[in-house]
Each structure stands twice: as C-alpha cells, then as structure tokens.
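Dear colleague,

I am handing over the structure below, and my notes on what was found in it follow directly after.

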Amino acid sequence: MDHFLYRDGELYAEDVPVADIAAAVGTPFYLYSTATLTRHFQLFDDALDGMEHMVCYAMKAASNQAILKTLADLGAGMDVVSGGEYARAKAAGVPGDRIVFSGVGKTRSEIRAALEGGIRQFNVESEPELFVISEIAESLGKTAPITVRVNPDVDAKTHAKIATGKSENKFGIPIAKARAVYAEAATLPGIDVIGIDVHIGSQLTDLAPYELAYLKVAELTEQLRADGHDIRRLDLGGGLGIPYTRSNEAPPLPSDYGALIKRTLGHLDCEIEIEPGRLIAGNAGILVSRVIYVKEGEGRNFLILDGAMNDLIRPAMYDAHHDIVPVVEPVPGAEQQPYDIVGPVCESGDTFARNRMMPPLQAGDLVAFRSAGAYGAVMASEYNTRPLVPEVLAKGDQFAVIRERPDFDEIINRDTIPPWL
Ligand code: LLP
C-alpha cells in the first residue's frame with residue numbers, strides 16, 4: 001500500500017496534487033511520501049514485536065538525509081556500505097551506535113572513521129578485513145564490535161545481479177569455514193565478537209530461501225556458543241521483495257517474515273537486526289516525468305519522456321518493470337494503445353518499456369513511474385550531462401524539495417582544465 005492515489009481525476013502524493021509539484025519544481029523529479037515510508041518501517045518494527053530488535057534501514061536504497069531523518073526519528077538504525085553513507089547517516093543525525101557497517105571492501109580510512117565516530121557493529125566479510133579492523137581498533141585503544149557475514153550457499157531465486165547468498169557470490173565467508181574464522185576472531189585484541197550476519201539477496205518474493213538460511217544460522221549459533229563465543233545478536237540482512245505491478249504479485253508480508261524469524265530463531269534469545277531497504281523506500285517513491293514528443297515509428301509509437309536511463313537505470317540494468325501511469329487519471333474504460341516508452345539518451349538501452357498499453361498521451365502530459373523510491377535516485381548519473389533530478393518529500397498537504405536540481409554551471413565547473421592545456 002502506498003500514498004500515491006488518484007483523487008478527483010488526478011494523482012496525489014498524500015494530500016498534494018503531483019501536477020502542482022511538477023509546476024513548482026519542473027520535471028523530471030523523484031517524489032517520496034512520508035506516510036508510506038513511515039508505514040513500511042512500522043510494518044517491520046511491528047513484525048519483530050516481542051523480540052529485542054532494531055530495524056536498520058539499508059540506506060543504499062534511498063539515502064537522502066530527509067528520508068534518513070524521517071526513519072531515524074521513528075527509531076530506525078542504518079545499514080551503511082561506504083564511508084560516504086556513514087558520513088551521510090551521521091549528518092542526518094543518526095547516532096553511531098545505531099549504524100551497522102556492511103560491505104565487502106571496507107577501506108582502512110572507512111574503518112577508522114567509523115571507529116572514531118562510533119559504530120554499532122561491523123559486518124565482517126573476510127579474514128583480511130578482520131585483521132585490519134582489529135589492528136585499527138587497537139591503535140585507537142578501542143575494541144570493534146563485529147559479526148561475521150556468513151554465506152549460507154542458498155539460492156535466493158532472484159535476479160542474478162542481486163543474489164548474494166550462493167557460494168559463487170563474492171559475499172561473506174562460507175558457512176563451513178565459519179567456526180574456524182570465529183576461533184581466529186576471538187584471539188584478536190581489537191575485536192569483540194557479538195554475533196552473526198547473513199544477507200542472501202534482494203527482491204526475494206518467496207520466504208523459503210530465508211527459512212533455509214535462517215535454519216543454518218540457528219545451527220551455527222548453537223555451535224559457536226558451544227565453542228565459547230557469546231553470540232548475542234543476529235543480523236538477518238534485507239531483501240524482502242515488493243510488488244512492482246498492481247495486478248497479480250503478492251510477495252510475502254513483513255508480518256509473515258517476522259513470524260518466520262520468530263519460528264526459526266526466536267528460541268536463541270538473541271537481539272535481532274534486519275536491514276530492509278527496498279520494502280521501506282520502493283513504493284514510497286515515484287519518478288515524475290513529462291512527455292516531450294509522441295513519435296510515430298514504423299508499426300509502433302514512441303513516447304519520448306524527459307526522464308531517461310540516467311535518472312532510473314533499473315529497466316536498462318535489470319530489465320526491471322515499473323508501472324507507468326498518467327498523472328491525469330484515465331476515464332474508466334478509456335481506450336488504450338501500445339507505446340514504446342523511452343528517454344532522450346543516445347542509446348537504445350534507454351527504453352523503459354516496450355508495447356506498454358497506455359491511454360493516449362500527448363506532448364506535455366505528465367506520467368509517474370511507480371515503485372521508483374528504492375534504487376532510483378541513488379543509482380542516477382549525469383550521463384549525457386543530464387543534471388541529477390531533484391528529490392521532493394511530501395507530508396500531508398506539504399511538500400519540500402530535499403535535493404535541488406543542479407544547474408549546468410555546477411556540473412561543468414567540477415571539471416578542471418590543466419594549466420598546460
Ligand atoms: N543488506 C545488504 C548487505 C545488502 O547488500 C542489501 C542490498 C540490503 C541489505 C538491502 O536489500 P533490500 O531490502 O533493499 O532488498 N540495485 C538493485 C538492488 C541491489 C541490492 C543490493 N543490496 C535493484 O535496483 O534492484
């Protein structure tokens with residue numbers, strides 16, 4: 001459920017007409033709903049009710065500080081994967097003890113910054129990383145709380161580019177090697193082993209792979225405790241999928257997921273951490289774009305938008321489907337016709353949809369890409385020297401620009417021409 005609904009014949013974001021925002025901000029732009037962000041966070045928080053837990057939002061999904069603050073004010077922690085994300089979370093006011101540092105290639109300077117600024121835990125992905133964290137922590141006179149990310153060799157049954165829990169993936173330590181790595185970790189002076197981490201992939205639409213992975217984590221918890229480790233926190237990753245179409249998709253609900261966690265891991269009396277990104281932000285954001293031209297091709301019509309693959313890369317990169325809806329509500333039973341919906345970037349990959357049935361549209365009409373809140377704005381680039389599109393946050397009848405559209409000078413002046421040229 002989200003808060004982008006038609007009312008009186010036009011699309012609203014909560015209580016604000018999307019067309020009003022377009023008139024004020026220009027197109028294209030990303031638009032988020034505070035109520036949807038809040039609702040989705042709350043669903044996870046409620047799903048884990050009764051267990052000690054923290055929902056650490058995977059901020060890679062959408063990392064504007066206004067979004068981070070909205071969630072942090074509700075009690076969310078943050079899952080970060082870079083020094084930049086760590087700094088951004090801190091800038092948004094998230095305390096260090098609510099920030100989890102994940103990621104397969106943390107650099108020395110990133111590790112140092114997190115130890116100095118405060119960190120809830122590092123999710124360690126390799127033995128060399130473990131040694132480096134210990135060494136830096138020791139040099140700072142600190143001990144670093146860590147979990148080891150184990151790779152359970154489970155097929156998440158999702159798109160190959162976003163599956164992470166198979167042994168061929170670059171992530172984590174093979175679960176079969178885990179006991180040896182924990183034994184090693186326990187000897188390191190700068191390390192405090194507190195738990196286990198697992199994350200098997202993104203856009204999971206079936207709970208079965210989670211169940212397989214979590215049963216393995218439960219077994220490992222008992223083995224590690226028998227080995228003398230004080231395993232007290234389990235980070236179960238993110239990845240719960242969302243419906244990308246209005247029609248027939250019905251991925252599991254956070255409440256089903258919470259019940260699964262309780263059933264598989266509840267008896268261990270560990271603090272539970274989860275790292276959802278997409279389910280919190282995905283359907284809390286749309287990309288609003290305007291039709292520049294309608295072009296009649298041979299046997300097909302092209303809808304040429306002012307938004308492009310640099311603004312929303314998911315269709316080009318993962319063949320992802322996004323529902324695209326007109327901002328003016330089509331009258332019931334309105335005729336529909338097929339369009340190839342494309343952007344202005346100079347490559348054929350800049351195609352959002354082929355043969356998409358839409359009501360007739362004209363130059364100047366507004367459309368909205370639904371489910372674009374996660375991995376939309378954050379994956380945008382300035383390809384073709386197209387400015388990053390602004391981000392807007394709606395709340396009730398208010399809206400605010402939370403990231404401005406840069407002007408061309410800001411972009412161009414980042415280049416430096418060497419004095420010898
Ligand atoms: N935790 C870790 C360690 C992760 O690597 C990820 C996502 C998450 C949590 C959050 O997963 P989520 O709940 O959002 O599924 N750009 C791709 C998705 C990449 C996901 C990467 N890792 C896309 O647009 O589909």
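The shell around the ligand in this predicted model is made up of six nonpolar, six polar and six charged residues, where Ala, Val, Leu, Ile, Met, Phe, Trp, Tyr, Cys and Pro count as nonpolar, Asp, Glu, Lys and Arg as charged, and the others, Gly among them, as polar. Of these 18 residues, the ones that come nearest are Ser-202, Glu-275, Arg-278, Arg-314 and Tyr-375, a residue being near if one of its heavy atoms lies within 4 Å of the molecule.

Residues are numbered from 1 along each chain as its sequence is written, and side-chain values use heavy atoms, with hydrogens and water left out. Local features need pLDDT of at least 70 and side-chain atom pairs count only at pLDDT 80 or more, whereas totals for chains, interfaces and linings use all residues.

As for individual atoms, a polar side-chain atom of Tyr-375 lies 2.6 Å from an oxygen atom of the ligand, while a polar side-chain atom of Tyr-318 is 2.8 Å from a ligand nitrogen atom, and a backbone N or O atom of Gly-239 is 2.8 Å from an oxygen atom of the ligand.

The domain assignment, which is automatic or from a database, gives domain 1 (4–31 + 282–412) and domain 2 (35–280), and their centres, taken over C-alpha atoms, are 32 Å apart. Because both domains give residues to the shell around the ligand, the ligand lies between them.

Best regards

Conventions
A polar contact is a pair of N or O atoms within 3.5 Å; within protein, one must be able to donate a hydrogen and the other to accept it, and residues adjacent in sequence count only if both atoms are side-chain atoms.
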